[in-house]
Structure formats: structure tokens, C-alpha cells
Amino acid sequence: MAAAAAAATVMPPHADPPPLAAARNPTAPTSDAQRRRDAPTPSLRALFLRAVDPSRPSSWSAAVADLLSSGDPAAALAAFAAALRTNPAALRPALPPALRAAAAAASLAAGRQLHLLALRSGLFPSDAYAASALLHMYHHCSRPLDARRAFDEIPSPNPVIVTAMASGCVRNNLVYPALAIFRSMVASDSASVVDEAAALVALSASARVPDRGITGGIHALVAKIGLDGHAGVANTMLDAYAKGGGCDLGAARRLFDMMERDAVSWNTMIALYAQNGLSAEALRLYGKMLNVGGGIRCNAVTLSAVLLACAHAGAIQTGKRIHNQVVRMGLEENVYVGTSVVDMYSKCGRVEMARKAFCRVKEKNILTWSAMIAGYAMQGHGHEALEVFNEMRRSGLKPNYITFISVLAACSHAGLLNEGRQWYNAMRREFGIEPGVEHYGCMVDLLGRAGCLDEAYGLIKEMNVKPDAAMWGALLSACRIHKNVEMAEIAANRLFELDASNAGYYVLLSNIYAEAGMWKDVERMRVLFKIRGMEKPPGYSSVELKGKTHSFYVGDKRHPQHKEIYAYLDKLLERMQEAGYAPNTGSVHHDLDEEEKGSMLRIHSEKLAVAFALMNSVQGSVIHVIKNLRVCTDCHTAIKIITKLTGREIIVRDIKRFHHFKDGLCSCGDYW
């Protein structure tokens with residue numbers, strides 16, 4: 001009876017609702033049909049008692065479990081309290097689902113009361129089911145130390161309990177303790193104690209550690225005991241290979257090719273390629289999935305992954321085809337797929353199409369809003385981004401860490417200095433979000449663009465997180481814009497300390513020296529470049545046409561149409577010069593004469609890609625160019641003039657940002 005009294009405080013039982021007939025007008029005329037409709041509805045308690053045999057403990061246990069599985073943990077706890085008042089013998093079978101209900105409700109108070117009941121009744125630590133559920137409760141209530149203390153009280157934990165403890169550690173990101181528990185399980189007996197659940201937990205933990213050998217070791221054990229044929233284990237192992245130990249995508253693909261594949265396997269492998277920027281591989285695998293047959297079909301997860309691949313590659317035509325598939329499957333309103341569509345169009349430079357897709361998502365979450373804000377930010381449309389941000393706030397959603405990255409990036413790309421300062425201060429003061437390295441990076445970029453180099457450098461020195469390479473890189477880029485060689489050297493030296501093998505930093509500093517006419521320092525950087533064994537990645541520009549990607553390098557003559565491209569470009573350059581174009585030889589960072597510099601500029605990859613696209617696309621269509629490095633100043637000027645002469649829109653996505661060229665202007669305002 002003491003246990004029943006203690007349990008009564010876990011959760012009060014539901015009160016009966018008022019009879020429906022009592023709310024109706026008693027003077028209204030009634031028909032037979034209406035009388036049947038108006039007959040008193042049985043109370044919830046009466047319905048509950050019809051379904052539960054109070055004399056049978058297992059009936060109470062089933063009721064608690066059913067209420068929990070229906071998504072109402074509070075009702076499950078209420079049923080448990082009622083069970084103990086009615087039949088104390090229900091404690092043993094009903095306690096485990098009650099503990100899981102406390103976990104689902106994240107109610108530590110209820111969980112502690114149930115722990116006390118288990119101790120008083122002797123069910124803990126003797127009953128394995130109760131012990132396992134108790135560990136589950138503490139871990140779900142974010143109390144891993146309490147779970148560990150309870151685990152240590154169990155004399156001889158069986159594999160189910162050990163697996164529950166390891167699983168809880170993974171849930172709380174305690175991956176090394178989880179792996180240690182798994183090792184102790186294997187060492188305590190033979191490998192046969194490892195079942196599918198234990199293997200899943202171990203692989204989930206190995207996906208979060210940097211040691212590549214751990215996943216391989218678990219793979220060997222899993223194969224030895226014959227669990228690698230289980231689809232769930234194989235799929236988790238696939239994910240572990242790709243995420244843990246430095247992202248071993250090669251091992252993941254080898255496993256994928258050998259395993260019995262289901263829709264989850266295909267989705268996992270496609271998503272892994274897409275998330276690691278291997279868009280071509282992701283799209284090729286998606287094509288194979290469509291032809292594999294055997295009842296495997298693409299779903300919302302597949303489409304989201306493929307849209308991510310299109311976004312990374314800037315493959316707008318392929319992205320449009322995937323969007324058509326989304327429409328055919330009726331998934332446009334799905335928040336996850338819809339957000340992926342918004343992200344794809346944004347990263348392909350089609351913000352107007354992103355906005356249309358955004359409006360079709362009915363129940364937008366914080367990621368949907370952030371994707372739309374980021375889309376405008378990438379295009380340099382700062383005011384539109386802030387308008388969406390304010391619209392989001394009016395909808396009742398509270399901005400989070402990621403949202404403010406997009407907001408500050410919008411201010412940075414559009415040069416909105418006052419607005420950027422305002423929201424940077426409000427982030428901490430009004431919303432309680434401490435700025436991270438990404439927010440600081442946006443502010444350094446914004447201040448640097450505005451020429452406030454001393455303020456940007458001061459912010460770096462006073463911030464409460466360690467500045468990363470992106471932040472120093474933003475300051476170095478600002479120094480190039482404003483020709484501040486002294487501060488550029490400070491930023492570059494910090495970058496060399498952080499990542500001495502990154503060739504881009506040496507090239508950028510060398511370019512700053514070149515633009516300042518400091519040729520001895522340019523030569524010094526080249527010597528240092530060679531001594532350290534670095535190579536500058538070759539610049540290239542690519543264009544997607546009819547589902548095929550065409551890439552061009554400087555002076556490229558490998559394309560089948562290269563003769564036609566150069567002839568077309570020569571005529572185009574003549575028209576450009578008549579319109580006032582003059583080569584910006586400052587974009588050539590070599591000590592050459594002006595004529596030689598001009599010749600080099602004529603064959604830059606951006607110009608070749610644009611000429612090819614103009615020749616082979618219909619009038620009125622938008623041209624999309626992807627540049628793997630920063631677009632040069634001369635090509636930027638040239639493309640502006642080309643849009644004015646041809647009446648075409650050209651979108652160039654370089655390593656820094658989007659440039660939307662139209663009618664002789666660029667969305668970046670010539671500031672990038």
C-alpha cells in the first residue's frame with residue numbers, strides 16, 4: 001500500500017468530461033434520430049474501464065503501454081497511478097512502460113518517484129525490464145550521471161541493460177563511454193552477446209569519433225557473428241563509415257556495393273555524397289536508383305538529398321527536373337522537401353523561384369525561413385532578406401543561432417552597416433544568443449567591406465571565441481579592397497599559422513602586393529609558395545546545358561566547339577570595346593607589359609563559359625556560370641557590359657558569393 005500511495009502522486013487521473021447533451025438546448029424539438037445523437041456519451045473513465053480488466057495486472061500494463069504509444073505520456077502516467085490504486089499487483093508489469101512514459105514526457109520528477117517505487121518494491125535492481133527502463137528514463141531526461149549510478153548498482157547487467165546504458169550515452173553524446181561499455185560487453189563473454197541492437201549502438205557511437213579504425217573493427221565483429229546481413233545494421237554501418245574517422249566515403253561505397261540495398265541504403269549513400277559536395281556522384285547514384293527496380297522508389301528523403309546535390313553543383317536544370325518530380329509526388333507542401341527546394345533555387349541564384357517555392361510550404365519551420373533569408377543574402381538583396389526576417393518574427397517564430405548567421409550575412413553582402421550592427425547587438429541583448437565564430441565572421445566582413453578595418457580588427461581581438469581562418473580571410477579580403485597592405489600582412493600571418501598549406505592565402509596576399517606594385521614581395525611569395533610545395537588550384541568556370549556540364553579553363557582549347565567559341569568571343573569583345581570596355585590589366589598579377597596582360601584577360605575561363613552559353617542557349621533564358629575561385633575584376637566588368645549588349649541575364653556563383661548581372665549592373669554593387 002505504501003507503493004500505491006507513492007504512485008498516486010505521479011500523475012492525477014483524467015477527470016470525466018461533461019456529458020455532451022448537457023450543453024444543448026433542452027427546449028428544442030427532438031426527433032428519434034436526434035434523441036439517439038443526444039444520448040449521453042460514456043465518460044472517458046467508463047470507456048477506459050471497459051477496455052481494462054482491473055483484476056488483471058497485465059491489462060493495466062497494456063493500457064499504460066498503449067497510451068504511451070498513442071503519444072500521450074501524461075495519460076499513461078495517470079493510468080499507472082490509477083492501476084496501483086486499483087490493483088497493486090500491477091506494479092511489476094506496468095512499471096517499465098510508466099518509466100518510458102516519464103522519459104517521453106521528459107519528466108524527471110515523475111521518473112524519480114518511479115525510481116523510488118522500484119527500490120521500495122524490490123524491482124530495482126533485480127528486474128531487468130525495470131532496470132533497463134530506468135536507465136532509459138534518466139538518459140532521456142538528460143541525467144547521464146544518475147543513469148550511471150543506477151547502472152553501477154546492478155550486480156550482473158545482462159546484454160539488454162548494457163545496451164540500454166550504451167544507447168543512453170550515445171544519446172547524450174558520451175560516445176567514448178558508450179564504446180567502452182560495448183567493449184566490456186564483448187570482453188565479458190563471447191561475441192554472441194552482441195545482438196542487432198548492441199551493434200546499432202556501437203556503430204552510432206563510432207560515427208562520432210575521429211578514429212577510422214573503430215568502425216572497421218566493429219564491422220569485422222559484426223561480419224563474424226553474421227549481423228552484417230541485417231538491413232538496419234548495414235545502413236548504420238554505412239553511415240558510420242561516411243561520418244566517422246575522417247569521412248571514409250570509399251569504404252562506405254564499397255559496403256554499399258556489397259550489401260543488400262533497400263530505400264534507406266540508397267538514400268543514405270546519395271545523401272552522404274551530397275553532404276560532402278560530391279554532387280556528380282550523388283546524381284549518378286540517383287539515376288541508378290531510378291532504374292534498379294525491385295520496388296525501391298524515391299521518397300521525400302531521396303528528393304531532399306538530390307536537391308542538396310543540385311544546390312552544391314549549381315545544377316539548375318537538373319534541380320528543376322527534381323522539382324517537377326516533387327510536384328508530381330505531391331510533396332511541395334512538405335516542410336523538409338519544400339525547404340530543400342527553396343535552398344536549391346537560392347544556391348542556383350534563382351531567388352524569385354525560391355520565393356515561390358517558399359510560399360507553397362504551408363507549415364514553415366525555422367529552417368525554411370532561414371533558407372529564404374539566406375537565399376536573399378547570397379544574392380546581395382539585404383533589404384529583402386530583412387523583410388523576410390521580420391515576417392518570420394511576426395509569424396511568432398523566434399530566430400535562432402542559424403537565422404542570425406543568415407541575417408548578418410545579408411547585411412554584410414548588401415553593405416547594410418547600421419542594420420548589421422543593430423541585429424548583432426539585438427542577438428545577444430533581446431534574444432539571449434551568444435555570438436559564435438560565424439556571427440563574428442559576418443561582422444568582420446561587414447565592417448571590412450565598409451572600410452572600418454580598425455574596428456574589424458578590434459572586434460577580432462576582443463571577441464570571446466578563437467578567430468578562425470574564415471574570419472582572418474574576410475579581413476584579408478577587405479584589405480585587398482581597401483588596399484591596406486600593412487593590415488593584410490597581419491591577417492595573412494595569422495592565416496599561415498592556422499593553415500599553412502592553404503594556397504589561396506598566399507595567392508591573395510601576392511595579389512595585394514601586385515596591385516600595390518610591390519613586385520619584389522610578389523616574387524618573395526612565389527618563392528615561399530614553391531618552398532612549401534604548394535600548388536594553386538587551377539581556376540575554371542562551368543555551365544550546365546541540356547543536363548550536361550561544360551567546364552572551361554583559362555585559354556582552354558579542349559572543348560569541341562573551341563574554335564567557334566573564340567571566334568564568337570572576338571566579335572563580342574569588339575562590340576564591348578565600342579561600348580567603352582577597356583581591359584583591367586590590374587587583374588593580371590604578373591609583371592608583364594600591358595599588351596601581354598590584355599591578351600591573358602581575353603581568354604579567362606569566365607569569358608569562355610559565357611561565350612559558349614550565349615552561343616548555345618535560347619534568347620531570354622538565364623545563363624548560370626559556376627566559378628571555383630573568385631571572379632576577377634576584369635571579367636566582372638566585362639560580364640556587366642555583355643548583359644547590356646545582349647539583353648541577357650547572367651548569374652555567376654564564385655567561391656565568395658552570387659553575382660546577378662542584368663542590364664549592365666551586378667547585384668553585388670561592384671563590391672565583393
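**Note on the predicted model: sheet, helices, pockets and confidence**

1. Start with strand E5, residues 658-662. This strand is mostly covered, with 4 of its 5 residues buried. Buried means under 20% relative accessible area, exposed means over 50%, and partly exposed lies in between, using a 1.4 Å probe on protein chains only. Strands (E, at least two residues) and helices (H or I, at least four) are DSSP runs, numbered from the N terminus.

2. Some ground rules. This is a predicted model, where local features need pLDDT of at least 70, side-chain atom pairs count only at pLDDT 80 or more, and totals for chains, interfaces and linings use all residues. Residues are numbered from 1 along each chain as its sequence is written, and side-chain values use heavy atoms, with hydrogens and water left out.

3. Now look at the partners of E5. Strand E4 (residues 650-653) pairs with E5 in the antiparallel sense, over 4 bridges. Two strands pair if DSSP finds at least two bridges between them. Isoleucine 651 stands opposite histidine 660 of E5. E4 and E5 make a hairpin, with 4 residues between them.

4. Strand E6 (residues 665-666) also pairs with E5 in the antiparallel sense, here over 2 bridges. Phenylalanine 661 stands opposite cysteine 666 in E6. E5 and E6 form a hairpin with 2 residues between them. In that turn, aspartate 663 has a positive phi of about 55°.

5. What is the order of the strands in the open sheet? The order is E2-E1-E3-E4-E5-E6, giving 6 strands with mixed pairing. Strand E2 (548-553) and E6 stand at the edges, each with a single partner strand, so one side of each has no neighbour in the sheet. Strands of a sheet pair through backbone hydrogen bonds, either parallel or antiparallel.

6. Step back to the whole chain. The secondary structure comes to 35 helices and 6 strands. Of the 672 residues, 48% count as buried. Among contacts with a separation of 6 or more, 64% join residues 24 or more positions apart. Contact means heavy atoms within 4.5 Å.

7. Alanine 638 counts as buried because its relative accessibility is 0%. Not counting residues up to four places away in sequence, alanine 638 touches Met576, Tyr581 and Lys607. Lysine 607 is 31 residues from alanine 638 in sequence, yet the two are 8.0 Å apart in space, C-alpha to C-alpha.

8. Residues 262-296 are 77% helix and 0% strand, with end C-alpha atoms 7 Å apart. Residues 365-399 are 74% helix and 0% strand, with end C-alpha atoms 11 Å apart.

9. On a 1 Å grid over the protein atoms alone, a cavity is a set of points where a 1.4 Å probe fits but cannot get out; a pocket is an open set with protein on both sides within 12 Å along at least five of seven lines; lining residues have an atom within 4 Å of a point. Grid points are joined across faces, edges and corners, and a volume is the space filled by probe spheres set on the points.

10. The second largest pocket has a volume of about 440 Å³. Its lining has 18 residues, and the closest to its centre are Thr339, Asp343, Lys347, Leu367 and Ala371. Helices H18 (300-313), H20 (335-347), H22 (366-378) and H24 (401-414) each give two or more residues to this lining. H20 gives the most, with 7 residues.

11. There are 2 cavities of 30 Å³ or more. The largest cavity has a volume of about 40 Å³. Its lining residues include Val162, Ile181, Phe182 and Val201. Helices H10 (159-171), H11 (175-188) and H12 (196-206) each supply at least two residues of this lining.

12. Last, confidence. The chain averages a pLDDT of 86, and 89% of the residues score at least 70. pLDDT is the predictor's confidence in each residue, from 0 to 100. Over residues 11-31, pLDDT stays under 50. Over residues 33-44, pLDDT is also below 50. Where pLDDT is low, the predicted coordinates should not be read in detail.
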